[in-house]
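Welcome, and thanks for opening the viewer. Take a moment to turn the model around, then follow the stops below.

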Amino acid sequence: MKIYTKTGDTGTTALFGGTRVKKYNLRIDSYGNIDELNSYIGLIKDQEISTPIKEALLIIQNELFTLGAMLATPPEKETLKNGKERLNIPKIDETSILFLEEEIDKMDLELSQMTHFILPGGHQTVSFCHIARCVCRRAERLVVELNDQENINNDIIKYLNRLSDYLFTLARKLSKDLSVPEIKWIPTKN
């Protein structure tokens, strides 16, 4: 099988189920941002970090592939003519969200209480977490907009919201692990 199909040469692409849409379609933009997020998470995973965090990130990467597949399937194509689900894989659900919450809670136990907003930076690995968090927030905004146009599984929105919290907490945890002071935002006064 060749990697190029030439079917997108006119600016369209196919969703699961065969529907062709423009490549700038909101659904495509939504799962394209999920793909970008997944790539940044891979970048974080490739850093010198602990094995448990790498394992959690691998789980998240797999969940993001599932989430992307869910977004690539328009509501009218979710069910096949024979009544079976098109995506024969476990979906993002409350269990996926609970996993993120448990990981956040575990990391939070090791962190000092936040007293200020924190500026991104301090170490390259920490900065990668903040970039991924920003991409996650962008993806979340696009999925919310898509949900206004078509019904999206609400667990997708919850998952992305929780994932951005996870990535923020991970940035703080890695700052601690790397012995890098957090950069507090202290605005100047007039």
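## Helix 1 against helix 4

Begin with a crossing: helix 1 passes helix 4 in a left-handed way. (Left-handed means that the near helix is turned anticlockwise from the far one by less than a right angle; clockwise would be right-handed.) To find the pair, select residues 26-45 for helix 1 and residues 124-149 for helix 4; they pack at an angle of about 160°, with their axes 9 Å apart. That angle makes helix 1 roughly antiparallel to helix 4. Sorted by class, the contact of helix 1 with helix 4 has 16 nonpolar, three polar and five charged residues.

Some terms will come back. Helices are DSSP runs of H or I with at least four residues, strands are runs of E with at least two, and both are numbered from the N terminus. Axes are lines fitted to C-alpha atoms, for helices over the stretch in contact, and angles run from 0 to 180 degrees between N-to-C directions. Angles under 35 degrees count as roughly parallel, over 145 as roughly antiparallel, 65 to 115 as roughly perpendicular and the rest as oblique. For the classes, Ala, Val, Leu, Ile, Met, Phe, Trp, Tyr, Cys and Pro are nonpolar, Asp, Glu, Lys and Arg are charged, and the others, Gly among them, are polar.

What you have open is a predicted model, in which local features need pLDDT of at least 70 and side-chain atom pairs count only at pLDDT 80 or more, while totals for chains, interfaces and linings use all residues. Residues are numbered from 1 along each chain as its sequence is written, and side-chain values use heavy atoms, with hydrogens and water left out.

## Zoom out

Now show the whole protein. Its secondary structure comes to five helices and four strands, in the order β-β-α-α-α-β-α-α-β along the sequence. The C-alpha atoms fill a box of roughly 55 × 35 × 35 Å, taken along the principal axes. Of the 190 residues, 40% are buried (under 20% relative accessible area; exposed is over 50% and partly exposed in between, with a 1.4 Å probe and protein chains only).

## Helix 3 and its buried side

Next, select residues 94-108. This is helix 3, whose 15 residues reach 21 Å from first C-alpha to last, close to the 21 Å expected at 1.5 Å a residue (the expected span is 1.5 Å times one less than the number of residues). Which residues of helix 3 are buried? Color S96, I97, F99, L100, E103, I104 and M107 to see them. They lie on the same side of helix 3, because they cover an arc of only 155° around the axis, counted from the directions from the axis to the C-beta atoms.

In helix 5, pick T169, which is buried at 8% relative accessibility.

Then bring in helix 2 (residues 51-71) beside helix 5 (residues 154-177): their axes come within 12 Å and cross at roughly 160°. Helix 2 is therefore roughly antiparallel to helix 5.

## Two loop stops

Buried or exposed: which is S179? Look in the loop between helix 5 and strand 4 (183-184); S179 is exposed, with a relative accessible area of 66%. S179 also has a positive phi of about 55°, although it is not a glycine. Finish at L87, in the loop between helix 2 and helix 3, which counts as buried at 12% relative accessibility.
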